[in-house]
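Have a look at the model below, then read on.

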Amino acid sequence: MEKYVQILKENGFKITNQRMDVLEVLEENRKEHLSTEEVFAKLIEKGKEIGIATVYRTLQMLEESDLVYKLDLDGKSYRYELVDYLEKGKVHQHHHLICENCHAILEVQGDFLDELEQMIEKKYKFKVMNHDVKFYGLCEHCKK
Ligand SMILES: [Zn+2]
Ligand SMILES: [Zn+2]
Ligand SMILES: [Zn+2]
């Protein structure tokens, strides 16, 4: 959490209880990809007094501060998760597998794009900072 607080401060944002509460819910559900409604429901479960509009605004703000990654499923529905940071900075975004039938979201462990990134940097003299990769298809369960 410390790293996130530090980044918020660096971005000139105040550390409010609501911001911390939203970050905490995302931290506690790291492998999940929560919708605004789900984040809101979890805050209410924890006994927090917060409105859904505030949750929505807070998530937007955290996304702009690069603390939260907004996964765009289809241009209409979005899921949120914490951006991973290491000592040296932000980690490349992991890839997502999205089931078009049950809407399950799976994470791919590993970047697997090193070779492509090197090729792009060499060929286009372009510094790759991150990427956003989504695969759409059918999960193991729905494929049957
Ligand atoms: Zn990468
Ligand atoms: Zn499925
Ligand atoms: Zn993810």
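Along the chain, the donors of the zinc ion (ligand 1) follow the spacing H-x18-D-x5-E-x13-H. Donors here are N, O and S atoms within 2.8 Å of the metal (3.2 Å for Na, K and Ca), and since water is not among the atoms, sites may look incomplete. The coordinating atoms are H92 (ND1), D111 (OD), D111 (OD), E117 (OE) and H131 (NE2), at 1.9 to 2.7 Å. Helices (H or I, at least four residues) and strands (E, at least two) are DSSP runs, numbered from the N terminus.

Keep in mind that this is a predicted model, where local features need pLDDT of at least 70 and side-chain atom pairs count only at pLDDT 80 or more, while totals for chains, interfaces and linings use all residues. Residues are numbered from 1 along each chain as its sequence is written, chains are lettered from A and ligands numbered from 1 in the order in which they are written, and side-chain values use heavy atoms, with hydrogens and water left out.

On to the zinc ion (ligand 2): its protein donors are C99 (SG), C102 (SG), C139 (SG) and C142 (SG), lying 2.3 Å from it. The four donor atoms subtend angles of 102 to 113 degrees, so the arrangement is tetrahedral (four donors count as such if all angles lie between 85 and 135 degrees). For reference, the ideal angle for four tetrahedral donors is 109.5 degrees. The donor spacing along the chain reads C-x2-C-x36-C-x2-C. C102 lies in the loop between β5 and β6 (105-108) and C142 in helix α6 (residues 140-143), so this pair ties together parts that are 40 residues apart in sequence.

How accessible are some of these donors? Buried means under 20% relative accessible area, exposed over 50%, partly exposed in between (1.4 Å probe, protein chains only).

| Residue | Relative accessibility | Class |
|---|---|---|
| H92 | 24% | partly exposed |
| E117 | 11% | buried |
| C102 | 37% | partly exposed |
| C142 | 16% | buried |

Now for helix α1 (residues 2-10), whose buried residues are Y4, V5, I7 and L8. They cover an arc of only 160 degrees around the axis, so they're on the same side of α1; the arc is that of the directions from the helix axis to the C-beta atoms. The exposed residues E2, K9 and E10 are on the face turned away from that buried side.

Terms used: Four donors count as tetrahedral if all angles lie between 85 and 135 degrees; four count as square planar and six as octahedral if opposite donors are over 155 degrees apart and all others between 65 and 115; anything else is irregular.
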